[in-house]
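Dear colleague,

I am handing over the structure below, and my notes on what was found in it follow. Please read them with the model open beside you.

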Amino acid sequence: MKHKTLKLSAIAASCTLAFSVNAASTLFTNVDIFNGTEDKLYEDHHVLVVDNKIAKISKEAIDSGDATVINGQGMTLMPGLIEGHGHLQMNGSSLPDIENNRNWEELAVRSAARAESALMSGFTTWRDAGGMGAGLKKTIDSGELKGPRIYPSGAFIGPTGSHADFRNFTTPNETFNGPQSAGGRLGMSCTADSIGDIKTCARQNYMQGATQIKLMSSGGVASSFDPWQLNAYSLEELKAAVEVADAYGSYAMSHAYSKVSLLRNVEAGVKTLEHAFMFDKDVAKAMKKNGTYMTTNMTAFSPYLGEIEAINSNPASARKAKTAQAAFSDYIDNVNEYKPKLGFHVDCVGGVAACEQQADHSIFLSGKFFGNFYTLISMTSVNGEIVKLSGETLDPYFEGSLGVIEVGAYADILLVEGNPLEDLSVIGANEKWFDAPARDGIETMKLIMKNGKIYKNTL
Ligand SMILES: [Zn+2]
């Protein structure tokens with residue numbers, strides 16, 4: 001029997017999804033549930049997974065039938081984590097390093113290693129924010145590699161000299177018959193200076209399997225040519241990108257820092273603002289009116305920001321980081337005051353060990369600035385809503401919800417020792433960043449299930 005996506009209230013006393021008797025099933029007993037949406041635990045519950053979905057949640061004992069029974073021993077059962085903005089294939093130590101020193105083979109192999117590390121850190125879904133098409137996603141979905149569900153954005157779309165421009169000072173502009181950057185040739189970036197080119201880049205990405213498109217609409221810190229204050233795309237240009245996204249039933253996500261750029265993106269119909277450091281009362285109001293989300297890398301507020309190799313290896317970036325941090329000082333207070341729909345994101349550029357450290361430190365910072373509950377929903381249900389903006393037609397995982405524990409949702413489940421609402425270190429949060437010791441998974445994360453399949457079980 002085919003399961004339908006059900007929109008049910010989070011947890012009724014006992015709710016059931018019809019399922020076929022022969023499907024593989026797992027019964028979790030004696031667990032406290034964090035459902036991804038409520039600031040509480042449902043104590044001493046039982047959860048039945050049939051095939052790849054959550055089929056029943058109950059306070060009463062559930063008949064195990066043929067199910068494999070896992071005694072949760074009073075641990076917390078929670079949704080798998082969702083990265084709201086990551087870059088699996090941006091795995092050199094900096095943008096120039098990726099452009100100059102890493103060929104396709106190395107980038108691809110390292111992206112597979114990053115994907116496995118993400119899953120084994122509890123990230124069962126990953127919105128890839130640019131630099132990669134659907135190849136890795138397809139390989140993981142076919143079962144050949146371990147990794148999260150991936151929502152790829154394809155190539156970054158930005159104008160000449162923007163945060164999406166991978167070239168060196170010595171690379172000619174392709175418009176004048178010069179060769180593309182290595183990033184351009186590999187489909188990691190797409191330079192677009194006109195409305196026509198923006199639409200072509202967007203369409204090319206969708207053709208290659210992107211589930212949403214990623215625009216570089218303002219300057220950035222880790223790139224060479226663009227002041228972070230740059231408002232790179234005009235309203236008309238942003239509208240052109242959104243028009244293509246709309247035609248696919250999908251949406252655009254947009255890297256934007258300045259207030260001008262943020263308001264322009266919201267007006268153009270962009271659905272998720274990335275970084276959005278100049279978020280304030282006016283931006284909050286516009287976002288609310290238009291149903292816009294925001295995702296932010298909290299490491300931008302860390303005193304250790306300047307130690308990131310992608311920044312300290314480039315003098316222009318190091319200088320930009322200092323002025324940017326000073327200009328973004330109201331962000332945290334504004335978020336706490338206006339409470340936008342905020343998705344969690346790490347946005348790591350680097351290899352496995354560096355990105356594990358950065359993810360753990362990001363969880364810590366988010367908890368410190370916004371509290372544990374806001375952090376937990378940003379990593380589960382809010383990011384679950386964000387990935388679903390890709391629309392029923394393009395969503396590769398359209399049959400169930402993500403980021404929630406409810407009947408009919410995909411069985412992407414973690415069992416953790418301890419209560420994450422009280423202590424985020426049970427899902428990896430670490431006050432240390434660069435001096436955190438290398439780790440092999442997260443010890444308190446005892447079980448990791450994705451799509452009904454168990455990838456880790458140390459119970
Ligand atoms: Zn990014």
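Gln73 is found in the loop that runs between strand 5 (68–71) and strand 6 (76–79), where helices (H or I, at least four residues) and strands (E, at least two) are DSSP runs numbered from the N terminus. The model is a predicted one, in which local features need pLDDT of at least 70 and side-chain atom pairs count only at pLDDT 80 or more, while totals for chains, interfaces and linings use all residues. Residues are numbered from 1 along each chain as its sequence is written, and side-chain values use heavy atoms, with hydrogens and water left out.

Although Gln73 is not a glycine, its phi is positive, at about 55 degrees, and with a relative accessible area of 52% the residue is exposed; here buried means under 20% relative accessible area, exposed over 50%, and partly exposed in between, with a 1.4 Å probe and protein chains only. Asp51, in the loop between strand 3 (42–50) and strand 4 (53–58), likewise is not a glycine and has a positive phi of about 60 degrees, but Asp51 is partly exposed, at 42%.

**The zinc site**

The zinc ion has as its protein donors His85 (NE2), His87 (NE2) and Asp347 (OD), which lie 2.1 to 2.2 Å from it; donors are N, O and S atoms within 2.8 Å of the metal (3.2 Å for Na, K and Ca), and since water is not among the atoms, sites may look incomplete. Along the chain the donors follow the spacing H-x1-H-x259-D. His87, in the loop between strand 7 (81–86) and helix 1 (95–101), and Asp347, in the loop between strand 16 (342–345) and helix 12 (352–370), are 260 residues apart, and the pair thus links distant parts of the chain. His87 counts as buried because its relative accessibility is 4%, and Asp347 counts as buried at 16%.

**Buried elements**

Helix 13 (residues 372–379) is largely enclosed by the rest of the structure, because seven of its eight residues are buried. Strand 12 (residues 213–216) is covered on both faces, with Ile213 and Leu215 buried on one side and Lys214 and Met216 on the other. Lys456, which lies in strand 19 (residues 453–457), has a side chain that reaches the backbone oxygen of Ile442 at 3.0 Å, a polar contact being a pair of N or O atoms within 3.5 Å; within protein, one must be able to donate a hydrogen and the other to accept it, and residues adjacent in sequence count only if both atoms are side-chain atoms.

With best regards
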